[in-house]
Amino acid sequence: MNRFKCAHLGWLATCLIGAMVAASYAQDIRVPNIGLAGESATISTTGGGRARFYLLGPGVSRNTEVRLGEEISIPAEDLRVAGEYLALLCSGSCRSGTFYVSAAQPASLTFLVHPSRVPVAASDAISGVVLAFDQFRNLVLAPETINVQLSAGNATLFSRSIRTQNGAAWFRATSGKLAGALQVTASMGELSTRRAVQEAASDPCNLRIKGERTGAGITIETEPVHDCAGNAVPDGTIVTFTASGPGGKSTVDAPIKQGIARAQIEASGGEIISAASGVVIGNELRFGAQP
Amino acid sequence: MKRRDEGTCTSIYAFLCVPRVAILLTLFLTLSGHSYSANTTTAGQLEIDATKAGPRALEALTERGILRDYRFAWASMTQALEFNTSDPLEGPFTDEAKAWLQETVASQQKAGLSQRYVNQNHKLVVVFYAPEGDLIELQDNADFQRQVLDGRNTIQEEHVVARYIVLMTPSADRWVVRQLQAVPHF
């Protein structure tokens, strides 16, 4: 701010005129309204002479000398990040202006899907979150519609449009009935992002066993183990065989291999043999005492 | 105990007092690690309102963790922008937030500028908490005193009311800020 020291009243008029002239040359700054990320902007200044121009914003700091009264061009690369920018113009005193840059058009989707492996026919077991970002990785806050689709092979299991709110949208879905790869796709216009969820067989269903006496005891095995939707239960799933007889109770754990679990039980007396896997109990077999 | 310490400091061993305090302080700061930054920050008040959190409800323990880590993030950012060093950004920030803060620090260094954020107050509202708890979105109604320095000269000082959209994700042992985007309004 220019200061005028007026010692005498006679100089008052001169001082006032001088102050008015100085004020007319005092610097001022006019910043743009909200701009879009990646677009250049112009800041206009008033006044005369030289001044120092500062720009501070996310990812940018500028400190340059400018000529007052001329426009200051801010290149697009300085305005890539959405957020608040502070423009300062200093010549003796400083004038400031604040403006915002908002995200540009969506250019990519961040898609979080859980879980990566899910049992078939599990209610609301799959969830996803979609976030839209522009080409500079600014979060797009304007509401956008995103189409979510779950498909297995050529069959579409789920399709829904969800709308972003504060930049995020989410969904829940029930898994399909067939084991295998489930494609989960989020799309918006030409943008598309895909995730895969492995659907695995659920718990065994209708567990059935068969067996026969052998020289060493009883050989017992399951029929091919499936879940209730007919999917083969994964190898490695444990089946527990329990033998109850005069000698007491004994159990054997056997993993499923190629769809079937097998065990050898040493017993010569009468035995009742049952099988269980998880919460599912199979049929019972009764063997008489060995002659 | 206190009296005895005072006695020692006024004795001929008074010269030991300052180094001892300095040593203890250094030891404390070293041992306390990142909490030093968080506790010495000018990020004064932090409040969080999780009543709008959804679709997943925010548990009290998680809420405290987010408050703690968000406070730490601001303390670290404040240090980084004041002293023009990227070191404090390692840890509390990741992804885009870290990238643009590092750019800001580098460009401030080049331009000979720095910024101070003092007397900070943050009122956080949880607007989204992902179903699996792997992402949280906050709205931060912040106000602080911002000083802009050209070299050692303060060229601007103003009270700022700012609004931020914040994305945080859990890392191994803390929540980290992935996005910190100022907006004119919510």
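In strand β16 of chain A, A:L191 is the bridge partner of A:M188. Helices (H or I, at least four residues) and strands (E, at least two) are DSSP runs, numbered from the N terminus. Strand β16 (residues 191-200) of chain A is joined by nine bridges to strand β15 (residues 180-188) of chain A, and the two run antiparallel; strands are said to pair if DSSP finds at least two bridges between them. The model is predicted: local features need pLDDT of at least 70, side-chain atom pairs count only at pLDDT 80 or more, and totals for chains, interfaces and linings use all residues. Residues are numbered from 1 along each chain as its sequence is written, and chains are lettered from A and ligands numbered from 1 in the order in which they are written.

Strands β15 and β16 of chain A belong to an open sheet of five strands with the order β10-β16-β15-β12-β13 and mixed pairing. Its edge strands, each pairing on one side only, are β10 (117-119) and β13 (155-163) of chain A. The twist from one strand to the next averages 25°, with axes as lines fitted to C-alpha atoms (for helices over the stretch in contact) and angles from 0 to 180 degrees between N-to-C directions.

Strand β3 (residues 41-46) of chain A has two antiparallel partners: strand β1 (residues 28-30) of chain A, over three bridges, and strand β6 (residues 72-74) of chain A, also over three bridges. A:S44 in β3 of chain A stands opposite A:R30, and A:I43 has A:I72 in β6 of chain A as its bridge partner. A residue is buried if 20 or more other C-beta atoms lie within 10 Å of its own, exposed if 12 or fewer, and partly exposed in between, with C-beta atoms placed from the backbone.

Overall, chain A contains one helix and 25 strands. The C-alpha atoms of chain A fill a box of roughly 140 × 40 × 25 Å along the principal axes. Of the 291 residues in chain A, 35% are buried.

Between the chains, 31 residues of chain B are in contact with 31 residues of chain A, contact being C-beta atoms, placed from the backbone, within 7 Å. On chain B, α5 (95-111), β2 (113-129), β3 (136-150), β4 (153-170) and β5 (175-183) each supply at least two residues of the side that touches chain A. The largest share, seven residues, comes from α5 of chain B. The predictor gives the complex an ipTM of 0.78 and a pTM of 0.78.

In chain B, B:L46 lies in strand β1 (residues 43-49). B:L46 is partly exposed because 18 other C-beta atoms lie within 10 Å. Leaving aside neighbours within four places in sequence, B:L46 is in contact with B:L67, B:Y70, B:R71, B:H122 and B:L124.

Chain B averages a pLDDT (the predictor's confidence in each residue, from 0 to 100) of 82, and 76% of the residues score at least 70. Among the elements of chain B, the mean pLDDT is lowest in helix α1 (residues 2-9), at 34, and highest in β5, at 97.

Note on methods: Two residues are in contact if their C-beta atoms, placed from the backbone, lie within 7 Å.
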